[in-house]
Amino acid sequence: MNNIISFNISTPSDVAKQIATRVKARRLELNLTQEDIATRAGLKLATYRRFKQAGEISLKGLLQIGFALNS
């Protein structure tokens, strides 16, 4: 797996949405529901859904999701 992440950067919002898309893909690879990943990450389901839909999340929340996807 290539550890270098490349983004087609237009705006910060676009980057956030691309990250959310990649998180969704990884979540589906692991066969996890949105509720599963929110619980594993220690987030409210509404927080995860806002991230998925709008790309809005705190840095801490994003890190929690990242750790949850790698466990």
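The structure is a predicted model, in which local features need pLDDT of at least 70 and side-chain atom pairs count only at pLDDT 80 or more, while totals for chains, interfaces and linings use all residues. Residues are numbered from 1 along each chain as its sequence is written, and side-chain values use heavy atoms, with hydrogens and water left out.

The chain holds four helices and zero strands, where helices (H or I, at least four residues) and strands (E, at least two) are DSSP runs, numbered from the N terminus. Read from the N terminus, the order of elements is α-α-α-α. Of the 71 residues, 27% count as buried; here buried means under 20% relative accessible area, exposed over 50%, and partly exposed in between (1.4 Å probe, protein chains only). The chain exposes about 5100 Å², with carbon and sulfur atoms supplying 54% of this area, as computed by the Shrake-Rupley method with a 1.4 Å probe, where for residues only the protein chains shown count as cover.

Helix 2 spans residues 34-41, and its buried residues are Q34, I37, A38 and A41. Viewed down the axis of helix 2, these buried residues fall within an arc of 100°, so they line one face of the helix; the arc is that of the directions from the helix axis to the C-beta atoms. The face turned away from the buried side of helix 2 carries the exposed residues E35 and T39. What do the buried residues of helix 2 pack against? Their partners are helix 1 (12-29), helix 3 (45-54) and helix 4 (59-69), with contact meaning heavy atoms within 4.5 Å. After helix 2 comes G42, whose phi is positive, near 75°.

Q34 belongs to helix 2 and is buried, with a relative accessible area of 17%. Not counting residues up to four places away in sequence, Q34 touches R27, L45, Y48, R49 and K52. With R49, the side chain of Q34 also makes a polar contact of 2.9 Å.

On the surface, L59, L63 and F67 form a nonpolar patch with about 370 Å² of accessible area together.

Methods
A polar contact is a pair of N or O atoms within 3.5 Å; within protein, one must be able to donate a hydrogen and the other to accept it, and residues adjacent in sequence count only if both atoms are side-chain atoms. Patches are made of residues with over 30% relative accessible area and no salt bridge: like charges are joined within 9 Å, nonpolar side chains (Val, Leu, Ile, Met, Phe, Trp, Tyr) within 5 Å. A salt bridge is a side-chain nitrogen of Lys or Arg within 4 Å of a carboxyl oxygen of Asp or Glu.
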